Amino acid sequence: MFTLLKKEINSFLNALIGYIVIIVFLVFMGLFLWLLPMQFNILDFGYANLDGLFIFAPFVFLFLIPAITMRSFAEEKRSGTLELLLTQPLTDNQIILAKWLSGVVLVAFALLPTLIYFLSVYLLGDPAGNMDTGATWGSYMGLFLLGAVFVAIGIFASSISDNQIVAFITAAFLSAFLYIGFELFSDFTLSGTVALFVQSLGINAHYASMSRGVIDSRDLVYFFSVILLFILLTKVSMESRKWKTMKLRVTDFELRVNTRKNSFLLLGIGLTFIILVNIISTFVFYRLDLTAEKKYSLSPYTRDMLKNLDDIVYFKVYLHGDFPSGFKRLEKETRELLDEFRSYNKDIEYEFIDPSESPGTEERNSVYELLMEKGLVPTSLRVNEKGQSKQQVIFPGTIVTYKGRDLPVQLLQSQLGIPPQEVLNNSVQNLEYNLTSAIRRLTAAKKDKIAFLEGQGELGRMETVDIEVALSEYYITERVAINGKINSLAERRKYDTTGKRLFNKFKAIIIAKPTRTFDEKDKFLLDQYIMRGGKVLWLIDPVFASMDSLQTNNETFGVYLDVNLDDMLFRYGSRINHQMVMDLNALPIPVKTGQMGNKPNFEFFPWYYFPLVTPASAHPIVRNLNAVKTEFPGNIDSVDVPGIRRTKLLVSSKYARTVNTPAVISLNILKQEPDERLFNNPYQVIAILMEGQFSSLYENRIPPAIAEDTGIGFKALSNPTTMIVVADGDVIRNQFQAVSGTPLPLGYDQYTGQTFGNKEFILNCVNHLCDDEGFMTVRTREVKLRLLDMQRVEKQKLFWQLINILVPVILIILFGFAKTFIRKNKYARIS
């Protein structure tokens, strides 16, 4: 068998046609990936990956591999050497496997020079090496297996004809049909579950999964099943020649019939085995995500949620068409994620729709209006069509349906002031979170209740409107004032037969920038809410200071703001100091520096009183979090309290300092360079997480005002609970548009046009407090943006095009010359 394998490989590589076939393949790949202005062009695409290779190569394989395999049996039959081969001490299985393996080796030989592409992209990354090598090797494995399947099909096609051209056409047709035929058929004639099942019968559905760097046992089983099927068909084809020979030599009709029956019985057993193995593989499977960030591995929260679905969740995705590369990537990533969802639950169904496919303007506009009524927001793009720039309207979103309820989801997470490429990457990064969030909102039987505390001068509804809207997607949000009332935060419940116990009405409460003093009775009720296991997000300003005073004066004052919470927080394990934190890493503010004609001239200067604070740990609340914008923040010290775990969440930069109150706040500091020697208090803690069982502030000293109140159910030690303390109330406050007064998204700064991580931070805090940490980890996943160094690409474009188009071809030519030289020398010595 090994001798036959060598003979098959040598017969291909000793012929000029073999090298021509491989060179044509490499020239096609080089031109389409590196020269021609197409969506596959790596240099124009701008991303440090080889997606174009793995998308385009299968279509070239449809012609390359039939050209390699068409001679396998057809040439043997035509020349009459097949009968001679069958007389050798080889079984049919050995002959078939030798020819199949030789074809597989030649496919690998054709792919080997494309590693030049891999090396080029690796070197052109920004920075060099910024490439997902794990995903690339997984994609190569998928392409290799696809080639192995096409070889098996080609071997079968060659076995049923003695004409190489017929074998080539048959193999190309069968390969094309199995690769995209099922998908085309389902797209045009079917929908829903049936369409997805028919698509799964085709090769492309399984190759697409592997080509993104995910090795799934179900895909491996499918590929090897198709290979086995065509090897079995090839064996039956070879057996059929024996039937014809037997007719001439054997007169026993029953023997001929039994031989034919045995062949078909073997095929039937093989088919049954293939079907059973594939059915079993859908229930028992293993997946290996080779991507660097494990971006195709769903979070445990998402997997559990999908497994518990009890009905169909249908996604209508309006992101399909001829888009720029960034939006094509968003479409591709969305499709792959939905396929990932389906791997855990077949009740996930989807279809991709082009809302602009209608030729008529009136019909197209009616579709647009319907989508906008359903809640999807259109986006306008500038696209080039036949050299002409035109406007294109797209709806980068999906309508999710569950049990008759619809929910619109924007897949493009537009942010003011963020570059388009970064917006697209953020959208891809948040895909799992957005789709999981939609399913959660549709399937949630009951929402937890949270409350914004009022009554002590906290931020008003309009000042927190953006975060309240965001939180209302997952929780029932209310605003509540304690006002000394026991039932403000607690309630009695019917199932408590004693009628004496109090239960918390809210899973968590948010205290957002109080400016007036808490009285002792309200503090006591708040303390007992915590003792019953209630969660609190404290957003406390230790310093009163305002930018409004600086609109007309160069100076203002920052003074200590006493809201009578210091003793509570100290008891629980933290102390907010009566200081302001200044930081060289600060938000720039516009400052009037003169006049240009009748218009004032503004310049931006870092305002050291508005530090940009960053994560202090890898805790899920702050993992992968953008910088958080603060205004006149204080700092927090930890207090050693037994049984309380403390985790720093946000800290200043290493170029920070603290200023005791009262303090003068002056714009004059912007007129001179800061003295870095003064900023010598690094990493000031701005936010801290505390977890454990807290001791009541009122142990052994219940306030007289409520000492006589029965039914309080005083607790001195809390149930296990959690609280987060932030030494800045403005972290949760959204800005207002300067002209219209419209509330802006939380974290967006209208002067610099930047969006900071305030919103994500607050959402993560509340998710953590409400025991939704699993859901929170979905939001904090990171997908690294891997780009080419476009400046280097522009300077060296011709060089890299020549390297990747010519070098692979030259390597094959040199190999051919070397093999011919060695072969001639070998036979010269023999002669």
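These entries record what I looked up in a predicted model.

**Helix packing.** I began with helix α4 (residues 51-69) and helix α7 (residues 92-111), whose axes come within 10 Å and cross at roughly 135 degrees. I therefore noted α4 and α7 as oblique to each other. The crossing of α4 past α7 is right-handed.

**Surface patch.** I next found a nonpolar surface patch of about 660 Å², made by I275, L276, I279, I280, F283 and V284. I looked up I280 within it and placed I280 in helix α14 (residues 253-283). I recorded I280 as exposed, because its relative accessibility is 51% and the class begins over 50%.

I then examined K523 and E520, whose side chains form a salt bridge at 3.4 Å, N to O. K523 and E520 are three residues apart in helix α21 (residues 520-531), so about one helical turn separates them. K523 is buried at 0% relative accessibility, whereas E520 is partly exposed at 31%.

I also noted a salt bridge between R575 and D637, with the closest N and O atoms 3.3 Å apart. R575 is in strand β17 (residues 574-576) and D637 in strand β22 (residues 636-638), 62 residues apart. Finally, I traced one network in which salt bridges with shared partners join K513, D541, K629, E631, D730 and R733.

Technical notes. Residues are numbered from 1 along each chain as its sequence is written. This is a predicted model: local features need pLDDT of at least 70, side-chain atom pairs count only at pLDDT 80 or more; totals for chains, interfaces and linings use all residues. Side-chain values use heavy atoms; hydrogens and water are left out. Patches are made of residues with over 30% relative accessible area and no salt bridge: like charges are joined within 9 Å, nonpolar side chains (Val, Leu, Ile, Met, Phe, Trp, Tyr) within 5 Å. Accessible areas come from the Shrake-Rupley method with a 1.4 Å probe; for residues, only the protein chains shown count as cover. A salt bridge is a side-chain nitrogen of Lys or Arg within 4 Å of a carboxyl oxygen of Asp or Glu. Helices (H or I, at least four residues) and strands (E, at least two) are DSSP runs, numbered from the N terminus. Buried means under 20% relative accessible area, exposed over 50%, partly exposed in between (1.4 Å probe, protein chains only). Axes are lines fitted to C-alpha atoms, for helices over the stretch in contact, and angles run from 0 to 180 degrees between N-to-C directions. Angles under 35 degrees count as roughly parallel, over 145 as roughly antiparallel, 65 to 115 as roughly perpendicular and the rest as oblique. A crossing is left-handed if the near helix is turned anticlockwise from the far one by less than a right angle, and right-handed if clockwise.
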